Amino acid sequence: MQIEDADYIVIGGGASGAVVANRLSEDGAHRVVLLEAGDPADGFMNKMPSGGLTRMNKPDADWMYKTEPDPSLGGREMVWNAGKMLGGSSGINGMVYIRGDRRDYDQWANELGCAGWTWNEVFPYFLRSENWQGAPSQSHGTHGPLAVSEPRMSHPLAETFIDACEQFGLRRVPDYCAGDVDGAFKNYTTQLNGQRWSTARAFLDEAGKRANLRIVTGALVDKVVVKNGRATAVVAIVNGEQVTVCARREIIVSGGALHSPAILLRSGIGPAAELGKHGIAVVRDLPEVGQNLQEHVSFPSTFEVDVPTWNNLFGKVSLAREFLKYVFARKGLMTMIPVEAMAYLRTNPDLAFPDVKLSLGLMMFDLAKGGPANIPGMAIFQNVAKPKSRGEIRLHSANPADKPLIAPQLVGHPDDLASMVAGAKMVREIFAQPALAKHVKRQVSPDPMPQTDAEWEQAIKSRSSIGFHPVATCRMGGDEASVVDPRLRVRGIEGLRVIDASIMPVMPAANTNAPSIMVGEKGAAMILEDARVPA
Ligand SMILES: Cc1cc2nc3c(=O)[nH]c(=O)nc-3n(C[C@H](O)[C@H](O)[C@H](O)COP(=O)(O)OP(=O)(O)OC[C@H]3O[C@@H](n4cnc5c(N)ncnc54)[C@H](O)[C@@H]3O)c2cc1C
């Protein structure tokens, strides 16, 4: 296959990469090629909100990375899902829209050397993307391509949960998109008229018709070619054939936090010792490529309740009715979001910022059955808001067909484990508040119920899993050790940037889809600004 040269080549059409490809091709002045390993994600199942979730654990649409044994979880290995399609993980994600807190981004800028990334500086880029469907509000944008709306299907117990959080002593947050998430609130979702609004829908469906944007799916990128310190081309495998595409201006790596570092490593950019192990010639010794992997460890607590929840809709007849409701009215269970409300807790009142994040779902799983439980339930998924634990990404080999080696440490830091134990006990207290207590019949899991802190630690280690928010493996910073500088340029290489969740220096206290889209917006704007400055 012949792919013509371009001004810009974007590697990966996920949450960030789709935005970058759209914005760089917007004015028609530049030729852009987007190389995506997955498929176009334009079928019915990609558009029906729950349909995206059914593409999880299918190797054609999900990378299904396998982790190394995690010593912090008793040596367990896990499958780490990530979308392999246009839209990337936004094609299979839970569609929760959340930006994080003002203090997240102020920390990036003021403490971690990321000049230009304070809340006030990133806020306009959240608005630029957004096509808000709700009442007019200064904290939302209405001219962008990314639809954000109130969920079409909302369970009354989500509101009851917020009442219980208030009774427990948390704030009810009036506008969680305005830079303050400290308390409890109901979530908005990336849907439009009952359709999943992945970044493929938002940023590529229309843009894909532009003459100056070429989107190539089924293109597995091997590496970036660097000549005399400048990134000049990308090597990819398309239909089993090796293809080289040349870039006149810049190459942008947007493979996500699990894959972008692997692409840099295969290109000879990374820790020299790791490159040497795989016979890869060192182009630039950058020791932190693949380091600093941060993730939201996720621990479930589930409760049986006395009113029907979405669990009651999973019988064959109900499912058929809900499906028809979707087909004819774009409503019902198929539009459900798995997390309807969230809350932030301090496990120690002296903490300046909450250390635990709670996500409420109005459905519980039966692990033994491997699907929704047959009884009505609620589930809380609990994370450390800003984890201190760090894992890493390395390579199994220099072969692009080999997926990256992922060595997580989900609760490797003792403070994270302590927050998880204290948080799980506080979840029990929230569910014992009057508003919820009258509906709770029993706590279903963890089972058996831990009695001592040691037993809680054991429960966390044996039942926690991945939260699907990997960040920081190509860390941005003002220091020379960081992988990219605050304009997202790879240190020491001309014409090469990383623009995706991997550049976040530390986890925002939030799910990472909207932050990754913001990174795409800001990164693309910086490329265009830099192109206007005469050399
Ligand atoms: C199951 C799940 C549920 C989630 N739920 C939520 C949620 O409800 N709310 C929220 O805010 N966040 C959620 N997230 C997280 C959010 O979707 C991600 O943070 C976001 O998509 C990250 O954007 P990204 O661009 O960094 O990576 P991605 O969106 O993963 O995009 C990376 C892209 O690069 C492509 N790629 C990778 N390697 C190569 C290669 N070698 N060659 C070519 N292409 C390549 C991939 O196929 C993919 O399309 C969820 C994630 C998952 C997996």
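**Working chat: sheet, helices and ligand shell**

Trainee: Which residue stands opposite A184 in β19?

Mentor: That's A343. Strands here are DSSP E runs of at least two residues, helices are H or I runs of at least four, and both are numbered from the N terminus. This is a predicted model, where local features need pLDDT of at least 70, side-chain atom pairs count only at pLDDT 80 or more, and totals for chains, interfaces and linings use all residues. Residues are numbered from 1 along each chain as its sequence is written.

Trainee: How many bridges join β8 and β19?

Mentor: Three, and β8 pairs with strand β19 (residues 341–345) in the antiparallel sense. Pairing takes at least two DSSP bridges between the strands.

Trainee: What's the strand order in that open sheet?

Mentor: It has six strands with antiparallel pairing, running β8-β19-β20-β23-β18-β26. β8 (184–186) and β26 (440–445) are the edges; each has a single partner strand, so one side of each has no neighbour in the sheet. From one strand to the next, the twist averages 20°.

Trainee: Which strands does α6 touch?

Mentor: Helix α6 (residues 156–168) packs on β8, β18 (299–305), β19, β20 (356–361) and β23 (377–384), and its direction makes about 170° with that of β8. Angles run from 0 to 180 degrees between N-to-C directions, with axes fitted to C-alpha atoms, for helices over the stretch in contact. Contact means C-beta atoms, placed from the backbone, within 7 Å.

Trainee: And where does α11 lie?

Mentor: Helix α11 (residues 414–431) lies across β18, β19, β20, β23 and β26, at about 150° to β23. Its 18 residues should span 26 Å at 1.5 Å a residue, and its end C-alpha atoms are 26 Å apart, which agrees. The expected span is 1.5 Å times one less than the number of residues.

Trainee: Which α11 residues are buried?

Mentor: Among them are L417, M420, A424, V427 and F431. Buried means 20 or more other C-beta atoms within 10 Å of a residue's own, exposed 12 or fewer, and partly exposed in between, with C-beta atoms placed from the backbone.

Trainee: New topic: where is K331 found?

Mentor: K331 is in the loop between α10 (316–329) and β19. K331 is partly exposed, because 14 other C-beta atoms lie within 10 Å. Leaving aside neighbours within four places in sequence, K331 contacts R152, G194, K325 and Y326.

Trainee: Last one: how many residues surround the ligand?

Mentor: 43, and the closest are G12, G14, G88, G94 and G256. To count, a residue's C-beta atom, placed from the backbone, lies within 6 Å of the molecule. The elements giving two or more residues to that shell are α1 (15–25), β13 (219–227) and α14 (513–532).

Technical notes
Contact = placed C-beta atoms within 7 Å.
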